[in-house]
Amino acid sequence: MQASSAIPSPSPRTLESPTGPHVRIAYFIMIHHKPEIFKNMFQKIYTRDQFYLIHIDKKAKQDFIEEIQLYIVHFPNVYILDSMNIVSGGFNIVQAELNAMEFLLNVSKEWDYFINLSGEDYPLKSQNIIRKFLTTNKGRNYLFYYDQKFYRPDTLQRIQNHFTELAYVISSFIYKRSFMKNVIPYIGGKWFMFTRETCLFLTNNKTVMDFEDYYLHTFLPADSFFQTVLMNTSFNDIIVNDDKRAVLETSLFQNTQNTFNYIQSLKSGNQLFIRKLNKKTDESIRKYIEESYLTPLPYINEVERELKRNNRQNN
(Lines give C-alpha, C1' and ligand atoms only; values in the text may rest on other atoms or scores of the structure.)
Protein backbone atom coordinates (compact mmCIF):
# COMPACT_ATOMS: atom_id res chain seq x y z
CA MET A 1 0.00 0.00 0.00
CA GLN A 2 1.21 3.47 -0.85
CA ALA A 3 0.11 6.95 0.22
CA SER A 4 -0.96 9.54 -2.33
CA SER A 5 2.43 10.87 -3.36
CA ALA A 6 4.93 10.29 -6.16
CA ILE A 7 5.83 6.62 -6.01
CA PRO A 8 7.61 4.24 -8.38
CA SER A 9 5.21 1.81 -10.03
CA PRO A 10 5.30 -1.84 -8.91
CA SER A 11 6.98 -4.48 -11.04
CA PRO A 12 4.31 -5.78 -13.44
CA ARG A 13 3.36 -9.36 -14.16
CA THR A 14 1.47 -9.57 -17.45
CA LEU A 15 -1.35 -11.90 -18.31
CA GLU A 16 -0.95 -13.29 -21.81
CA SER A 17 -3.71 -13.89 -24.34
CA PRO A 18 -3.45 -15.81 -27.66
CA THR A 19 -3.08 -12.49 -29.52
CA GLY A 20 -0.72 -10.78 -27.08
CA PRO A 21 -0.81 -9.23 -23.61
CA HIS A 22 -4.10 -8.10 -22.16
CA VAL A 23 -4.74 -4.46 -21.32
CA ARG A 24 -4.05 -3.39 -17.77
CA ILE A 25 -6.68 -1.72 -15.63
CA ALA A 26 -6.36 1.07 -13.09
CA TYR A 27 -9.19 0.64 -10.59
CA PHE A 28 -10.53 3.51 -8.51
CA ILE A 29 -12.64 2.35 -5.57
CA MET A 30 -14.63 4.72 -3.37
CA ILE A 31 -15.57 3.35 0.04
CA HIS A 32 -16.98 4.55 3.35
CA HIS A 33 -18.37 1.51 5.18
CA LYS A 34 -18.90 -2.28 5.06
CA PRO A 35 -15.24 -3.38 5.07
CA GLU A 36 -15.94 -7.10 4.59
CA ILE A 37 -17.94 -6.49 1.40
CA PHE A 38 -15.08 -4.37 0.08
CA LYS A 39 -12.51 -7.04 0.93
CA ASN A 40 -14.52 -9.75 -0.84
CA MET A 41 -14.68 -7.63 -3.98
CA PHE A 42 -11.03 -6.59 -3.79
CA GLN A 43 -9.82 -10.17 -3.54
CA LYS A 44 -11.64 -10.92 -6.78
CA ILE A 45 -10.23 -8.02 -8.81
CA TYR A 46 -6.68 -7.95 -7.46
CA THR A 47 -3.69 -8.90 -9.62
CA ARG A 48 -0.07 -7.90 -9.09
CA ASP A 49 0.31 -6.25 -12.50
CA GLN A 50 -2.58 -3.78 -12.29
CA PHE A 51 -3.16 -0.62 -10.24
CA TYR A 52 -5.61 0.12 -7.44
CA LEU A 53 -6.45 3.46 -5.87
CA ILE A 54 -8.71 3.66 -2.82
CA HIS A 55 -10.64 6.71 -1.66
CA ILE A 56 -11.99 6.61 1.88
CA ASP A 57 -14.69 9.21 2.53
CA LYS A 58 -13.66 11.77 5.14
CA LYS A 59 -16.88 10.99 7.04
CA ALA A 60 -15.89 7.33 7.50
CA LYS A 61 -15.44 6.12 11.07
CA GLN A 62 -11.89 5.90 12.37
CA ASP A 63 -12.04 2.16 13.05
CA PHE A 64 -13.14 1.57 9.43
CA ILE A 65 -10.26 3.70 8.12
CA GLU A 66 -7.73 1.81 10.23
CA GLU A 67 -9.11 -1.58 9.21
CA ILE A 68 -8.82 -0.73 5.50
CA GLN A 69 -5.32 0.70 5.91
CA LEU A 70 -4.13 -2.40 7.75
CA TYR A 71 -5.69 -4.62 5.08
CA ILE A 72 -4.21 -2.99 1.99
CA VAL A 73 -0.74 -2.39 3.44
CA HIS A 74 0.18 -5.88 2.19
CA PHE A 75 -0.38 -4.98 -1.48
CA PRO A 76 2.47 -3.05 -3.15
CA ASN A 77 0.37 -1.79 -6.09
CA VAL A 78 -2.45 -0.31 -4.01
CA TYR A 79 -2.57 3.39 -3.23
CA ILE A 80 -4.72 5.67 -1.07
CA LEU A 81 -6.02 8.97 -2.45
CA ASP A 82 -6.24 12.00 -0.18
CA SER A 83 -9.70 11.89 1.37
CA MET A 84 -12.49 14.25 0.40
CA ASN A 85 -15.85 14.75 2.03
CA ILE A 86 -18.35 13.28 -0.43
CA VAL A 87 -21.63 15.19 -0.20
CA SER A 88 -24.69 13.52 -1.68
CA GLY A 89 -25.62 15.38 -4.87
CA GLY A 90 -22.44 17.47 -4.88
CA PHE A 91 -19.45 17.85 -7.20
CA ASN A 92 -16.86 16.34 -4.87
CA ILE A 93 -17.46 12.84 -6.19
CA VAL A 94 -16.57 14.08 -9.70
CA GLN A 95 -13.57 15.94 -8.31
CA ALA A 96 -12.37 12.81 -6.53
CA GLU A 97 -12.59 10.87 -9.81
CA LEU A 98 -10.66 13.55 -11.70
CA ASN A 99 -8.05 13.55 -8.92
CA ALA A 100 -7.86 9.77 -9.16
CA MET A 101 -7.30 9.85 -12.92
CA GLU A 102 -4.50 12.38 -12.52
CA PHE A 103 -2.93 10.42 -9.68
CA LEU A 104 -2.95 7.12 -11.56
CA LEU A 105 -1.65 8.74 -14.75
CA ASN A 106 1.33 9.94 -12.71
CA VAL A 107 1.82 6.58 -10.99
CA SER A 108 2.37 4.59 -14.17
CA LYS A 109 2.25 4.67 -17.97
CA GLU A 110 1.49 0.96 -17.98
CA TRP A 111 -2.30 0.96 -17.68
CA ASP A 112 -4.89 1.24 -20.45
CA TYR A 113 -8.31 1.55 -18.76
CA PHE A 114 -9.68 3.38 -15.74
CA ILE A 115 -12.67 1.75 -14.01
CA ASN A 116 -14.53 3.33 -11.11
CA LEU A 117 -16.19 1.13 -8.51
CA SER A 118 -17.89 1.51 -5.16
CA GLY A 119 -17.07 -0.69 -2.22
CA GLU A 120 -20.33 -2.58 -2.79
CA ASP A 121 -19.64 -3.63 -6.39
CA TYR A 122 -18.64 -7.17 -7.32
CA PRO A 123 -17.10 -8.63 -10.49
CA LEU A 124 -19.27 -10.97 -12.50
CA LYS A 125 -16.26 -12.31 -14.37
CA SER A 126 -12.60 -13.02 -13.66
CA GLN A 127 -9.93 -10.43 -14.36
CA ASN A 128 -8.71 -12.55 -17.25
CA ILE A 129 -12.15 -12.38 -18.91
CA ILE A 130 -12.65 -8.67 -18.16
CA ARG A 131 -9.22 -7.80 -19.52
CA LYS A 132 -9.77 -9.92 -22.60
CA PHE A 133 -13.05 -8.08 -23.26
CA LEU A 134 -11.34 -4.69 -22.96
CA THR A 135 -8.44 -5.85 -25.13
CA THR A 136 -10.87 -6.89 -27.86
CA ASN A 137 -12.71 -3.56 -27.57
CA LYS A 138 -9.68 -1.39 -26.88
CA GLY A 139 -10.24 2.29 -27.60
CA ARG A 140 -13.91 2.38 -26.59
CA ASN A 141 -15.35 4.15 -23.56
CA TYR A 142 -18.29 2.68 -21.67
CA LEU A 143 -20.94 4.73 -19.87
CA PHE A 144 -24.68 5.30 -20.10
CA TYR A 145 -25.75 8.56 -21.73
CA TYR A 146 -29.03 10.13 -22.89
CA ASP A 147 -29.92 13.50 -24.36
CA GLN A 148 -31.12 15.18 -21.16
CA LYS A 149 -33.57 17.61 -22.77
CA PHE A 150 -35.19 14.91 -24.89
CA TYR A 151 -35.27 11.90 -22.55
CA ARG A 152 -35.05 13.41 -19.05
CA PRO A 153 -36.54 16.94 -19.16
CA ASP A 154 -37.69 16.36 -15.57
CA THR A 155 -34.03 16.60 -14.48
CA LEU A 156 -33.12 19.85 -16.22
CA GLN A 157 -33.57 21.86 -13.03
CA ARG A 158 -30.42 20.09 -11.78
CA ILE A 159 -28.31 21.98 -14.31
CA GLN A 160 -30.39 25.10 -14.95
CA ASN A 161 -30.18 26.22 -11.32
CA HIS A 162 -27.12 27.30 -9.37
CA PHE A 163 -26.40 25.02 -6.39
CA THR A 164 -23.72 25.46 -3.73
CA GLU A 165 -22.05 22.49 -2.05
CA LEU A 166 -21.38 23.09 1.64
CA ALA A 167 -19.34 20.90 3.99
CA TYR A 168 -22.04 18.27 4.48
CA VAL A 169 -25.10 19.31 2.46
CA ILE A 170 -26.20 21.22 -0.62
CA SER A 171 -27.25 24.77 0.28
CA SER A 172 -30.98 25.54 0.12
CA PHE A 173 -30.11 28.85 -1.58
CA ILE A 174 -30.76 28.15 -5.29
CA TYR A 175 -31.21 30.48 -8.23
CA LYS A 176 -31.88 30.19 -11.96
CA ARG A 177 -29.13 30.61 -14.56
CA SER A 178 -28.47 30.00 -18.26
CA PHE A 179 -26.91 26.72 -19.33
CA MET A 180 -23.60 26.57 -21.21
CA LYS A 181 -23.77 28.07 -24.70
CA ASN A 182 -23.71 25.66 -27.68
CA VAL A 183 -23.57 22.62 -25.38
CA ILE A 184 -26.10 19.76 -25.39
CA PRO A 185 -26.64 18.42 -21.85
CA TYR A 186 -26.50 14.65 -21.34
CA ILE A 187 -27.36 12.46 -18.39
CA GLY A 188 -26.74 8.82 -17.49
CA GLY A 189 -25.13 7.17 -14.48
CA LYS A 190 -22.03 7.48 -12.34
CA TRP A 191 -20.22 4.31 -13.43
CA PHE A 192 -17.86 4.08 -16.38
CA MET A 193 -14.81 2.53 -18.01
CA PHE A 194 -12.52 5.09 -19.71
CA THR A 195 -9.43 4.68 -21.84
CA ARG A 196 -6.15 6.16 -20.68
CA GLU A 197 -6.36 8.70 -23.52
CA THR A 198 -9.78 9.82 -22.27
CA CYS A 199 -8.40 10.30 -18.75
CA LEU A 200 -5.53 12.37 -20.15
CA PHE A 201 -8.05 14.56 -21.96
CA LEU A 202 -10.29 14.97 -18.91
CA THR A 203 -7.41 16.01 -16.66
CA ASN A 204 -5.35 18.16 -19.04
CA ASN A 205 -7.67 19.91 -21.49
CA LYS A 206 -8.65 23.55 -20.96
CA THR A 207 -12.09 22.97 -22.50
CA VAL A 208 -12.88 20.51 -19.72
CA MET A 209 -12.16 23.22 -17.16
CA ASP A 210 -15.09 25.25 -18.53
CA PHE A 211 -17.37 22.27 -17.91
CA GLU A 212 -15.91 21.87 -14.42
CA ASP A 213 -16.58 25.51 -13.59
CA TYR A 214 -20.22 25.17 -14.61
CA TYR A 215 -20.99 21.69 -13.22
CA LEU A 216 -19.37 22.60 -9.90
CA HIS A 217 -22.68 24.34 -9.13
CA THR A 218 -25.14 21.75 -10.42
CA PHE A 219 -27.07 19.06 -8.56
CA LEU A 220 -26.05 15.39 -8.99
CA PRO A 221 -23.25 16.21 -11.46
CA ALA A 222 -21.87 12.66 -11.18
CA ASP A 223 -24.81 11.55 -13.35
CA SER A 224 -24.14 14.04 -16.12
CA PHE A 225 -20.70 15.70 -16.06
CA PHE A 226 -18.69 13.08 -17.93
CA GLN A 227 -21.54 12.37 -20.34
CA THR A 228 -21.88 16.06 -21.25
CA VAL A 229 -18.13 16.63 -21.62
CA LEU A 230 -17.45 13.61 -23.80
CA MET A 231 -20.58 13.84 -25.97
CA ASN A 232 -19.79 17.49 -26.80
CA THR A 233 -16.19 16.82 -27.84
CA SER A 234 -14.34 14.60 -30.30
CA PHE A 235 -14.70 11.65 -27.90
CA ASN A 236 -18.40 11.25 -28.73
CA ASP A 237 -17.75 8.65 -31.45
CA ILE A 238 -15.93 6.14 -29.22
CA ILE A 239 -18.55 5.81 -26.49
CA VAL A 240 -20.59 2.65 -26.05
CA ASN A 241 -23.90 3.46 -24.33
CA ASP A 242 -23.44 0.88 -21.58
CA ASP A 243 -21.60 0.95 -18.25
CA LYS A 244 -21.25 -2.87 -18.07
CA ARG A 245 -22.94 -3.00 -14.66
CA ALA A 246 -25.83 -5.19 -13.64
CA VAL A 247 -28.00 -3.73 -10.88
CA LEU A 248 -29.64 -5.59 -8.01
CA GLU A 249 -32.78 -3.93 -6.72
CA THR A 250 -34.84 -5.70 -4.07
CA SER A 251 -38.07 -4.56 -5.71
CA LEU A 252 -37.24 -6.67 -8.77
CA PHE A 253 -37.50 -9.97 -6.92
CA GLN A 254 -41.05 -10.43 -5.70
CA ASN A 255 -41.21 -14.09 -6.73
CA THR A 256 -39.10 -16.97 -8.05
CA GLN A 257 -40.02 -16.14 -11.66
CA ASN A 258 -38.46 -12.70 -11.28
CA THR A 259 -35.30 -14.28 -9.91
CA PHE A 260 -35.18 -16.78 -12.78
CA ASN A 261 -35.63 -13.99 -15.33
CA TYR A 262 -32.86 -11.98 -13.73
CA ILE A 263 -30.44 -14.90 -13.91
CA GLN A 264 -31.37 -15.39 -17.56
CA SER A 265 -30.59 -11.74 -18.25
CA LEU A 266 -27.17 -12.21 -16.65
CA LYS A 267 -26.55 -15.28 -18.82
CA SER A 268 -27.44 -13.53 -22.06
CA GLY A 269 -25.72 -10.21 -21.26
CA ASN A 270 -22.09 -9.19 -21.09
CA GLN A 271 -22.07 -7.10 -17.92
CA LEU A 272 -18.76 -7.21 -16.10
CA PHE A 273 -19.78 -6.08 -12.60
CA ILE A 274 -22.86 -6.16 -10.41
CA ARG A 275 -23.93 -3.53 -7.90
CA LYS A 276 -25.21 -4.07 -4.35
CA LEU A 277 -24.45 -7.79 -4.09
CA ASN A 278 -24.48 -8.86 -0.43
CA LYS A 279 -25.52 -11.66 1.95
CA LYS A 280 -29.17 -10.66 1.61
CA THR A 281 -29.12 -11.30 -2.14
CA ASP A 282 -31.15 -14.31 -3.25
CA GLU A 283 -29.07 -17.48 -2.82
CA SER A 284 -29.75 -18.69 -6.37
CA ILE A 285 -28.39 -15.43 -7.82
CA ARG A 286 -25.26 -15.59 -5.69
CA LYS A 287 -24.77 -19.23 -6.63
CA TYR A 288 -25.11 -18.47 -10.34
CA ILE A 289 -22.58 -15.62 -10.12
CA GLU A 290 -19.99 -17.84 -8.44
CA GLU A 291 -20.57 -20.75 -10.84
CA SER A 292 -20.37 -18.55 -13.95
CA TYR A 293 -17.36 -16.52 -12.80
CA LEU A 294 -14.98 -18.29 -15.21
CA THR A 295 -17.52 -18.76 -18.01
CA PRO A 296 -16.58 -16.69 -21.09
CA LEU A 297 -18.81 -13.78 -22.03
CA PRO A 298 -21.33 -14.37 -24.82
CA TYR A 299 -20.52 -12.55 -28.05
CA ILE A 300 -22.62 -9.41 -28.45
CA ASN A 301 -22.27 -6.96 -31.34
CA GLU A 302 -22.02 -3.72 -29.34
CA VAL A 303 -22.60 -1.45 -32.35
CA GLU A 304 -25.66 -3.37 -33.54
CA ARG A 305 -27.14 -3.42 -30.04
CA GLU A 306 -26.63 0.32 -29.66
CA LEU A 307 -28.33 1.00 -33.00
CA LYS A 308 -31.32 -1.09 -31.89
CA ARG A 309 -31.44 0.77 -28.56
CA ASN A 310 -31.35 4.14 -30.33
CA ASN A 311 -34.14 3.07 -32.68
CA ARG A 312 -36.32 2.06 -29.71
CA GLN A 313 -35.63 5.38 -27.98
CA ASN A 314 -36.49 7.36 -31.10
CA ASN A 315 -39.82 5.58 -31.70
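Predicted model: local features only at pLDDT ≥ 70, side-chain atom pairs only at ≥ 80, totals over all residues.
Residues are numbered from 1 along each chain as its sequence is written, and side-chain values use heavy atoms, with hydrogens and water left out.

**The whole protein**

- The protein has 12 helices and 16 strands, which are DSSP runs numbered from the N terminus (helices are H or I, at least four residues; strands are E, at least two).
- Of its 315 residues, 52% count as buried.
- Take the contacts (heavy atoms within 4.5 Å) between residues at least 6 apart in sequence: 82% of them join residues at least 24 apart.

**Helix α2**

- Helix α2 covers residues 62-72, and its buried residues are Phe64, Ile65, Ile68, Tyr71 and Ile72.
- Looking down the axis of α2, those buried residues fall within an arc of 130°, so they line one face of the helix; the arc is that of the directions from the helix axis to the C-beta atoms.
- That buried set packs against four elements: the strands β3 (25-31), β4 (51-56) and β5 (78-81), plus the helix α1 (35-45).

- Lys58 sits in the loop between β4 and α2.
- With a relative accessibility of 59%, Lys58 counts as exposed.
- Lys58 and Asn85 are 27 residues apart along the chain, yet their C-alpha atoms are separated by 4.8 Å.
- Setting aside neighbours within four places in sequence, Lys58 is in contact with Ser83, Met84 and Asn85.

**Helix α8**

- Helix α8 runs over residues 206-215, with Val208, Phe211, Tyr214 and Tyr215 buried.
- Those residues cover an arc of only 120° around the axis, which puts them on the same side of α8.
- The packing partners of the buried α8 residues are α6 (157-160), α7 (196-204) and α9 (225-231).
- At the start of α8, a side-chain oxygen of Asn205 comes to within 2.8 Å of the backbone nitrogen of Thr207.

- Thr198 is buried, with a relative accessible area of 0%.
- The side chains of Thr198 and Thr195 are joined by a polar contact of 2.7 Å; a polar contact is a pair of N or O atoms within 3.5 Å, where within protein one must be able to donate a hydrogen and the other to accept it, and residues adjacent in sequence count only if both atoms are side-chain atoms.
- Apart from neighbours within four places in sequence, Thr198 is in contact with Asn141, Leu230, Phe235 and Ile238.

**Leu124, in another loop**

- You'll find Leu124 in the loop between β7 (121-123) and α4 (127-136).
- Leu124 counts as buried, at 7% relative accessibility.
- Leu124 and Lys44 are 80 residues apart in sequence and 9.5 Å apart in space, C-alpha to C-alpha.
- Beyond its neighbours within four places in sequence, Leu124 is in contact with several residues, including Ala246, Leu266, Phe273, Ile289 and Tyr293.

Key
Buried < 20%, exposed > 50% of the residue type's maximum accessible area, 1.4 Å probe, protein only.
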